Amino acid sequence: MRLRHTTVAAVAAILAVSALAGCNRGSDDKAGSSGKVGIDLPRSDSDFWNSYNNYIEKDLKSDGVSALPRTNSQNDIGKLVANVQTFTDQGAKAIVMAPQDTGAVASTLDKLAGKNIPVISVDTRPDKGKVYMVVRADNKAYGSNACDYLGKQLGGKGKVVEFEGALDSINGRDRSEAFASCMKTKFPGIKVIALATDWKGDVASAKLQTTLASDPDINGIYMQAGGVFLQPTLALLEQKHLLKPPGTPGHITIISNDGIPDEFKAIKAGQIDATISQPADLYAKYALYYAKAALAGQTFKPGPTDHDSTIVAIPNGLEDQLPAPLVTKDNVDDPSLWANQLGKS
């Protein structure tokens, strides 16, 4: 269901009803507003982001958003800056991006703000620089929920390897900090071996191999991004004959983040135990929704939405925190999960 628009004539009535202040159904809708939207994809080496791109492609056909040819910054802030310049040169009136280096993008955001070009940031929250809306799930919840699941599965004892995302990314920091805090507070009997990966699967695999040599009693793994870590990890564990079914001696409990189809297959095959599903479909849907809203001059306020999320205030704008459910063998076939909807009309 779309956020309800309000007309100028209804503004006074709405303001009089304080209970509606946080409904986030939009205001100041300007019918017939138009403009080109620039959309930059952050990378193409991740199944998650490729799925997001597929949803963008699908939603562009139905949402009435006029988009410029998409670009891909390939996890390179320099390319993102160049792509944004191309968009502005082509007359973009709003820009959707997913900056992986959330600190270095600030000056680009400042330039866009100076040109009155609103920015929708998907999945990542820029550290500084004005944004119209961040479309993102609660990444601290990713870390704490992964910790809670692993801790309970391991009975509060053991050794866990954590593949940390890049710490120059707000997502990597949020997941890592929340996971560490939860483990320290709730499961002090579990030793966490945090491995810096810069979101690179080959780095994670190489460091895991070294860790398994020094700590062969590893009994848990937390992968902060299944889209890049899953296949290299499974290949290594299979090579070392460490892929053992849940409930059998020597099983390594694995939880991931992303919710891609390959993770679902791995859960069904007993290769990993769980993942937290990042809503690739909702990221695309609401990135385009807010781009369209920005062009129409709509504004939003902190509070609950009518799509099971909450908009929160951040220092440089607003963030719509979308739901991200835990997926295990018990609900892996749930048709409402986006990975189970791919290929369907």
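I looked up Y222 and found I255 of strand 10 opposite it. I'm working from a predicted model, where local features need pLDDT of at least 70, side-chain atom pairs count only at pLDDT 80 or more, and totals for chains, interfaces and linings use all residues. Residues are numbered from 1 along each chain as its sequence is written, and side-chain values use heavy atoms, with hydrogens and water left out.

Strand 9 (residues 220-223) and strand 10 (residues 253-258) run parallel, joined by four bridges. My helices (H or I, at least four residues) and strands (E, at least two) are DSSP runs, numbered from the N terminus. Strands count as paired if DSSP finds at least two bridges between them.

I then traced the sheet: an open one of six strands, ordered 8-7-9-10-11-15, with mixed pairing. Strand 8 (190-196) and strand 15 (326-327) are its edges, each pairing on one side only.

Helix 8 packs on this sheet and touches strand 7 (158-164), strand 9 and strand 10. Its direction makes about 155° with that of strand 10. Contact here means heavy atoms within 4.5 Å. Axes are lines fitted to C-alpha atoms, for helices over the stretch in contact, and angles run from 0 to 180 degrees between N-to-C directions.

What does helix 8 meet in helix 7? I noted G201, A204, S205, L208, Q209 and L212 of helix 7 against V228, F229, P232, T233, L236 and L237 of helix 8. Those residues divide into eight nonpolar, four polar and no charged. For the classes, Ala, Val, Leu, Ile, Met, Phe, Trp, Tyr, Cys and Pro are nonpolar, Asp, Glu, Lys and Arg charged, and the others, Gly among them, polar. The axes of helix 7 (residues 201-214) and helix 8 come within 8 Å and cross at roughly 35°.

I also checked helix 5 (residues 139-153) and helix 6: their axes come within 7 Å, crossing at roughly 35°. That contact has eight nonpolar, five polar and six charged residues.

**Cavity**

I found one cavity of 30 Å³ or more. A cavity is a set of points on a 1 Å grid over the protein atoms alone where a 1.4 Å probe fits but cannot get out; lining residues have an atom within 4 Å of a point.

The largest cavity has a volume of about 160 Å³, volume being the space filled by probe spheres set on the points. Of its 16 lining residues, W49, Q100, D123, W199 and A225 are closest to the centre. Helix 2 (47-63), helix 6 (170-186) and helix 8 (226-239) each supply at least two lining residues.

Key: On a 1 Å grid over the protein atoms alone, a cavity is a set of points where a 1.4 Å probe fits but cannot get out, and a pocket is an open set with protein on both sides within 12 Å along at least five of seven lines; lining residues have an atom within 4 Å of a point.
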